[in-house]
Amino acid sequence: MANYVKAASVDEIPEGHAIVVDVDGDSLALARVDGDIYCIDNICTHDGGPLGEGELDGTALECPRHGARFDVCTGRALSFPAVVPVNVYDVKIEGQDVLVDLG
């Protein structure tokens, strides 16, 4: 069952960047690509690095620790040293609110 909670406002997420938010005790990364907003865990599956603090290049978010890259749309690991995907969360926009489904 869907459990949407407010994670941020649309204007808090600059185009082409990611931000880190805490939602109900979960650290998440919100990324804005071509006007769409995506949400993944803020934890690199390689070593627990803070993904949301990394550089966003298209849909690829790079972990600032060791350079592992993840697709913010699918969570898929795109480069070593990561091989395990990150969790992705459904996002919907209501007005200016960015809502994330924590399930």
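Biologist: Is R69 buried or exposed, or does it fall in between?

Modeller: R69 counts as partly exposed, at 23% relative accessibility. Buried means under 20% relative accessible area, exposed means over 50%, and partly exposed lies in between (1.4 Å probe, protein chains only). Please note that this is a predicted model, in which local features need pLDDT of at least 70 and side-chain atom pairs count only at pLDDT 80 or more, while totals for chains, interfaces and linings use all residues. Residues are numbered from 1 along each chain as its sequence is written, and side-chain values use heavy atoms, with hydrogens and water left out.

Biologist: Which side chain meets R69 in a salt bridge at 3.5 Å?

Modeller: That is E62, with 3.5 Å from N to O. A salt bridge here is a side-chain nitrogen of Lys or Arg within 4 Å of a carboxyl oxygen of Asp or Glu. E62 is partly exposed, because its relative accessibility is 30%. Salt bridges with shared partners join D57, E62 and R69 into one network.

Biologist: How far apart are the closest N and O atoms of D57 and R69?

Modeller: They are 3.9 Å apart, and the two residues form a salt bridge. This pair links distant parts of the chain, as D57 is in strand β5 and R69 is in strand β7, 12 residues apart. Strands are DSSP runs (E, at least two residues), numbered from the N terminus. D57 counts as exposed because its relative accessibility is 52%.

Biologist: How many salt bridges are there by this rule?

Modeller: The count comes to 6 salt bridges. Among them is the one between R65 and D47, whose closest N and O atoms are 3.7 Å apart. R65 lies in the loop between β6 (60-62) and β7 (69-71), and D47 in the loop between β4 (36-41) and β5 (56-57), 18 residues away. R65 is partly exposed at 47% relative accessibility, and D47 is partly exposed at 30%.

Definitions and conventions:
Helices (H or I, at least four residues) and strands (E, at least two) are DSSP runs, numbered from the N terminus.
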